[in-house]
Amino acid sequence: MAVMDGAQRDHLFISYATEDAAFVEWLALRLTGAGYRVWCDRFKLLGGESYPLDIDSAIETRSFRMLAVLSRHSMPKANPRKERTQALNIARKRNEEFLIPLNLDGL
């Protein structure tokens, strides 16, 4: 796993729209069962944590790849769009394929 500034990037981050939560829960459980550490807001955010800052930090410092669930729900939403933009910027900065798109509903 990659290490940068003392923090280990050891998670797959899943970006999605809340309408796609059932698929994302299934995906996260399958990936976890296959041995991956998964960062998904439905599992990692605890009461009182800062939602936007924690997600930005999770993407930047804890994730080695981002899975972006692309759907009719996620494409127009501000937060998934912001996360995808952040992932593209990280990919450029690290000079690596960071963003992995998953086409959920045939867009």
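**Close-ups of a parallel sheet and its helices**

**View 1. S15 meets its partner.** Across in β5, S15 has A68 as its bridge partner. The two strands involved, β3 (residues 11-15) and β5 (residues 63-70), run parallel and share five bridges; strands count as paired if DSSP finds at least two bridges between them. This is a predicted model, where local features need pLDDT of at least 70 and side-chain atom pairs pLDDT 80 or more, while totals for chains, interfaces and linings use all residues. Residues are numbered from 1 along each chain as its sequence is written, and side-chain values use heavy atoms, leaving out hydrogens and water.

**View 2. The open sheet.** Line up β4-β3-β5-β6 and you have the four-stranded open sheet, with parallel pairing.

View 3. Helix α1 (residues 21-33) lies across β3, β4, β5 and β6, at about 170 degrees to β3. Helix α4 (residues 78-94) packs on the sheet too, touching β3, β5 and β6, and makes about 140 degrees with β5. Angles here run from 0 to 180 degrees between N-to-C directions, with axes fitted to C-alpha atoms (for helices, over the stretch in contact); contact means heavy atoms within 4.5 Å.

**View 4. The whole protein.** Altogether there are four helices and six strands, taken as DSSP runs (helices H or I, at least four residues; strands E, at least two) numbered from the N terminus. Along the sequence they read β-β-β-α-β-α-α-β-α-β.
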